[in-house]
Amino acid sequence: MSQFIVGLTGGIGSGKSTVECFFQQLGIQTVDADLVARQVVAPGQAALEQIIAHFGAELLTAEGQLDRAALRDIIFANPEQKAWLNQLLHPLIRQRLLQQLAQCQSAYAILTAPLLLENGLQQYCDQVLVVDVPESLQIERTVKRDQVSEQQVQQILASQHSRAQRRELADQLIDNSQSLPMVEQRVRRLDELYRQLAEEKLAKA
């Protein structure tokens with residue numbers, strides 16, 4: 001891939017969306033794996049038909065949408081079903097992510113993915129930026145935002161890389177337990193760095 005891509009990741013409740021927004025305000029185009037994951041299971045998509053054939057029509061809402069919360073309950077309780085779902089969706093999501101990244105026209109592009117490292121998506125990135133907060137803050141924010149139990153958040157945390165693993169694999173970190181102005185200032189400094197690195201990559205191409 002000729003363009004420069006920054007992989008943006010962080011554990012649940014770390015505040016990736018906030019950081020992504022700051023980059024967008026600087027004119028940087030982003031591709032969000034969560035949005036793409038929704039697109040591939042939208043009504044009319046072949047993947048949704050396969051999911052319903054496998055799990056049953058009770059996973060459809062009255063509007064014909066996938067009941068993502070019900071599906072999440074099933075796969076968290078059953079590793080075999082989770083593996084089946086991942087085998088179906090991951091190649092579709094990856095293909096669409098790469099298509100959307102290839103269409104980005106900004107100085108560099110950002111790939112935002114909660115499971116960037118877990119799913120090996122860093123292989124498509126030139127740099128990995130991790131949004132970092134203490135685990136206690138992740139739990140507090142997620143319980144408040146998603147109206148779920150602390151136990152459920154702990155389950156999700158257990159299925160992701162640990163904070164230490166993410167920090168070790170990061171090229172850069174953003175401490176998102178700081179004030180928003182400080183986070184924005186850090187994004188501006190990183191934007192300068194990425195523009196410079198993108199120019200260097202282009203010059204070598």
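What pattern does the protein chain follow when read along the sequence? The order is β-α-β-α-α-α-α-β-β-α-α-α-β-α, which comes to 9 helices and 5 strands. The model is predicted.

**Chain overview**
- Of the 205 residues in the protein chain, 40% are buried.
- The chain exposes about 11,100 Å², and 49% of this is supplied by carbon and sulfur atoms.
- Among contacts with a separation of 6 or more, 74% are between residues 24 or more positions apart.

**Helix 4 and helix 5**
- Helix 4 (residues 68–77) packs with helix 5 (residues 79–102) at an angle of about 120 degrees, and their axes are 5 Å apart.
- The two helices are therefore oblique to each other.
- Helix 4 contributes Leu71, Ile74, Ile75 and Ala77 to the contact, while helix 5 contributes Pro79, Gln81, Lys82 and Leu85.
- By class, this contact has 6 nonpolar, 1 polar and 1 charged residues.

**Aromatic pairs**
- The count of aromatic pairs comes to 4.
- Phe55 and Trp84 form an edge-to-face pair, because their ring centres are 5.6 Å apart and their planes are at 85 degrees.
- Phe55 lies in helix 3 (residues 46–55) and Trp84 in helix 5, so this pair ties together parts 29 residues apart in sequence.
- Phe55 is buried, with a relative accessible area of 11%, whereas Trp84 is partly exposed at 25%.
- Tyr108 and Tyr194 also pair edge-to-face, at 5.5 Å centre to centre with 70 degrees between the planes.
- Tyr108 is in the loop between helix 5 and strand 3 (109–112) and Tyr194 is in helix 9 (residues 180–204), so the pair ties together parts 86 residues apart in sequence.

Methods: Residues are numbered from 1 along each chain as its sequence is written. This is a predicted model: local features need pLDDT of at least 70, side-chain atom pairs count only at pLDDT 80 or more; totals for chains, interfaces and linings use all residues. Side-chain values use heavy atoms; hydrogens and water are left out. Axes are lines fitted to C-alpha atoms, for helices over the stretch in contact, and angles run from 0 to 180 degrees between N-to-C directions. Helices (H or I, at least four residues) and strands (E, at least two) are DSSP runs, numbered from the N terminus. Angles under 35 degrees count as roughly parallel, over 145 as roughly antiparallel, 65 to 115 as roughly perpendicular and the rest as oblique. Contact means heavy atoms within 4.5 Å. Ala, Val, Leu, Ile, Met, Phe, Trp, Tyr, Cys and Pro count as nonpolar, Asp, Glu, Lys and Arg as charged, and the others, Gly among them, as polar. Buried means under 20% relative accessible area, exposed over 50%, partly exposed in between (1.4 Å probe, protein chains only). Accessible areas come from the Shrake-Rupley method with a 1.4 Å probe; for residues, only the protein chains shown count as cover. Rings of Phe, Tyr and Trp (its six-membered ring) pair if their centres lie within 6.5 Å; planes under 30 degrees apart count as stacked, over 60 as edge-to-face and the rest as tilted.
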